[in-house]
Amino acid sequence: MADEAAVREQAETVRRLKQQKADPDEIAKEVAKLLEMKAQLGGDEGKHKFVLKTPKGTRDYSPKQMAIRERVFSAIISCFKRHGAEVIDTPVFELKETLTGKYGEDSKLIYDLKDQGGELLSLRYDLTVPFARYLAMNKICSIKRYHIAKVYRRDNPAMTRGRYREFYQCDFDIAGQFDPMIPDAECLKIVHEILSDLQLGDFIIKVNDRRILDGMFAVCGVPDPKFRTICSSVDKLDKMSWEEVRSEMVAEKGLCPEAAERIGEYVRLQGGLELIEQLLQDPKLSQNKLAREGLGDMKLLFEYLTLFGITGKIRFDLSLARGLDYYTGVIYEAVLLQQEGQAGEEPLGVGSVAGGGRYDGLVGMFDPKGRRVPCVGVSIGIERIFSILEQRLEASEEKIRTTETQVLVASAQKKLLEERLKLVSELWDAGIKAEVLYKKNPKLLNQLQYCEESGIPLVAIVGEQELKDGVVKLRVVATREEVNVGRESLVEEIRMRTSQP
């Protein structure tokens, strides 16, 4: 067997013979020998190095995992439809220039594709920027839409916490010129409905406003050009301590320590309507036009949320920043709260499961005439939710069905394959979810065992006597109860016994 040293030696021999202009037959013989050695080495290397794995930050989904996922998608989609949303889809990759400059410091996480024929392309980073491009391109001024699709981020993923490089986003957005805070309040109501419906545990929805943040930065003495970069530092307060964030602002981003201290006084504040009233009276903030507008709208938002009956789960939090550049008004983030903790302690946040906000300028960036289409939306963090539900189901050891089969067509005797196939075909044609085992003469025990393992609730047994009598023996797998049902009534009987309560 050739090793790398022997291959190098043989390559040198070939090179030397060529230099010496040796006999062509001799060169050909040595080249053939070199190729054979390389093939041996390559084959061996291939066996040794080839690893069956998914790329970093991605995963496969087993039937059991997909069953959980479909349950979650179903709950989310039914909520979106309840609120009157239409559905759209867009390409998985966009022109690179469509995505450039929309994500602030996160732009470095965009996957760029190789030039495949004249267009520089990137995989989509989220569903919001493609939505804005779609609105501008099709000159749409008003739409309420949802979009569920995969997005891609060149992140260092923490897969145990539901963070991946390829993942689904579930977005709901309202585009159009409407009266202030009514669509924004509906987006928060949707988050509340979905998180309550999925029974993930206690949660809180933090809200803030980009205008309040920008006003706060201005009165604290942050120079205009540093607003966005300081905003992305504040956005890290849910993961880092104030001391670490302050150090980043001052040491890395060149903010003066006094301004950082003043920011620190504000970002520690959180509450409800009382805090909004308090800040409207704040001697510094109330003098700033942007902050005043933001606080006025925040007060209106809380009034609508009170009408929706959900203020118990909403918290006005001045540390919420959301790092994306395109937000212009209200921003929000839903966080699950950890139940375990010492008595009297505040529940801890265990991760964001939804986020969104208002982005009134994004469509205008794409429109040739700069036409603005105000938008507000929310994105449900499906991977995080899925990760939590998966862990919970593993812990509970609940059995999850991965098929929806209502009945297995079985036989107790041999030579009844034709009858089984005729019956299963009748059931399929009637819209019944049915299966049959792919064996000519399966044992009845094996057929019943298959039902127990797969969670199939009913077995339709055909036998010689049943065929003579024009009936089918219907067996309930869980109770082992058996009844003879007339062939003409079988479909109705299966429907009745497997309908959801």
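## Stop 1: a loop residue

Select R154. R154 sits in the loop between β4 (143–152) and β5. This is a predicted model, so treat every value on the tour as computed from that model.

Now show the contacts of R154. Leaving out residues up to four places away in sequence, R154 touches K108, L109, I110, Y111 and R165. K56 and R154 are 98 residues apart in sequence, yet 9.8 Å apart in space, C-alpha to C-alpha.

## Stop 2: the whole chain

Zoom out. Colour by secondary structure and you can look for 18 helices and 16 strands. Draw a box around the C-alpha atoms along the principal axes: the box is roughly 90 × 90 × 55 Å. What radius of gyration does the chain have? The value is 32 Å, whereas a compact globule of 501 residues would have one near 23 Å.

Buried residues make up 47% of the 501 residues.

Next, colour the charges. There are 75 positive and 80 negative side chains. The centres of these two sets lie 3 Å apart.

Finally, think about contacts along the chain. Take those between residues at least 6 apart in sequence: 67% of them join residues at least 24 apart.

## Stop 3: the nonpolar cores

Hide the surface. In soluble globular proteins, nonpolar side chains tend to be buried together. Here, the largest nonpolar core holds 100 residues. Which members touch the most other members? Select F80, F217, I263 and F316 to see them. Then select helix α3 (residues 63–82), which gives this core its largest share, 8 residues.

Stay with F80. Beyond residues up to four places away in sequence, F80 touches A85, Y146, C170, D171, F172, I190, I194 and I380.

Now select V407, V424, V472 and V476. These belong to a second, separate core of 17 residues.

## Stop 4

Select V436, which lies in strand β13 (residues 434–436). V436 is buried because its relative accessible area is 8%, and the cut-off for buried is under 20%. Its contacts, not counting residues up to four places away in sequence, are L408, V409, R420, L421 and V424.

Move to K473 in strand β15 (residues 471–476). K473 is partly exposed, with a relative accessible area of 25%. Setting aside residues up to four places away in sequence, K473 touches V459, A460, I461, E466, E482, V483 and N484. D297 and K473 are 67 Å apart, C-alpha to C-alpha, and 176 residues apart in sequence.

## Stop 4: a helix

Select V250 in helix α9 (residues 242–252). V250 is partly exposed, at 24% relative accessibility. Apart from neighbours within four places in sequence, V250 is in contact with L255, P257 and A260. Between the C-alpha atoms of V250 and A260 the separation is 7.2 Å, and the two residues are 10 apart along the chain.

## Stop 6

Most residues other than glycine have a negative phi.

Select M181. M181 is in the loop between β5 (166–175) and α6 (182–197). Its phi is positive, near 70 degrees. M181 counts as buried, at 3% relative accessibility.

Then select K415. K415 is in the loop between β12 (407–411) and α15 (417–429). What is the phi of K415? The angle is positive, about 60 degrees, although K415 is not a glycine. Is K415 buried or exposed? K415 is exposed, because its relative accessible area is 77% and exposed means over 50%.

Note on methods
Residues are numbered from 1 along each chain as its sequence is written. Side-chain values use heavy atoms; hydrogens and water are left out. A nonpolar core is a set of buried Ala, Val, Leu, Ile, Met, Phe, Trp, Tyr and Cys residues joined through side-chain atoms within 4.5 Å. Buried means under 20% relative accessible area, exposed over 50%, partly exposed in between (1.4 Å probe, protein chains only). Helices (H or I, at least four residues) and strands (E, at least two) are DSSP runs, numbered from the N terminus. Contact means heavy atoms within 4.5 Å. The radius of gyration is taken over C-alpha atoms; the globule rule is 2.2 Å times the number of residues to the power 0.38. Lys and Arg count as positive and Asp and Glu as negative; His and the chain ends are not counted. The place of a charge is taken as NZ of Lys, CZ of Arg, CG of Asp or CD of Glu.
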